[in-house]
Amino acid sequence: MKYLNKIIELVNPVTTRPYKGGVELRGLNLDTAKDEIQSVIQANGWPVEIFDVDVRLKSVSIREK
C-alpha cells in the first residue's frame, strides 16, 4: 500500500476510491498522468500496475501486483 500512497501523492488526484482491489484516482489530466505514473513505476521497480483508464471519469486505476 505504501507504493500506492506515494503515487497518489505524486499525481495529486481530485478524489480517490477503492476499485477492484486497487485504487481509482479521479480528476486527472490523462495526457500526462498515465505516462507519469508508468515512468515512476518503471524507474523504481515498484510492483504496481495500471489496470484501468476511464476517459469519461478522467481516472486511472492502479493496484499492487
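User: Before we start, what should I know about the model and its numbering?

Analyst: Residues are numbered from 1 along each chain as its sequence is written, and side-chain values use heavy atoms, with hydrogens and water left out. The model is predicted: local features need pLDDT of at least 70, side-chain atom pairs count only at pLDDT 80 or more, and totals for chains, interfaces and linings use all residues.

User: Is Val 48 buried or exposed?

Analyst: Buried means under 20% relative accessible area, exposed over 50%, and partly exposed in between (1.4 Å probe, protein chains only). Val 48 has 3% relative accessibility, so Val 48 counts as buried. Val 48 lies in strand β3 (residues 48-54); strands (E, at least two residues) and helices (H or I, at least four) are DSSP runs, numbered from the N terminus.

User: Which residues is Val 48 in contact with, leaving aside neighbours within four places in sequence?

Analyst: Contact means heavy atoms within 4.5 Å. The partners of Val 48 include Tyr 3, Leu 4, Ile 7 and Ile 62.

User: How many residues does the largest nonpolar core have?

Analyst: In soluble globular proteins, nonpolar side chains tend to be buried together. A nonpolar core is a set of buried Ala, Val, Leu, Ile, Met, Phe, Trp, Tyr and Cys residues joined through side-chain atoms within 4.5 Å. Here the largest one has 15 residues, and Val 48 and Ile 62 are among those with the most contacts inside it. Helix α2 (30-44) is one of the elements supplying at least two residues; the largest share, four residues, comes from α2.
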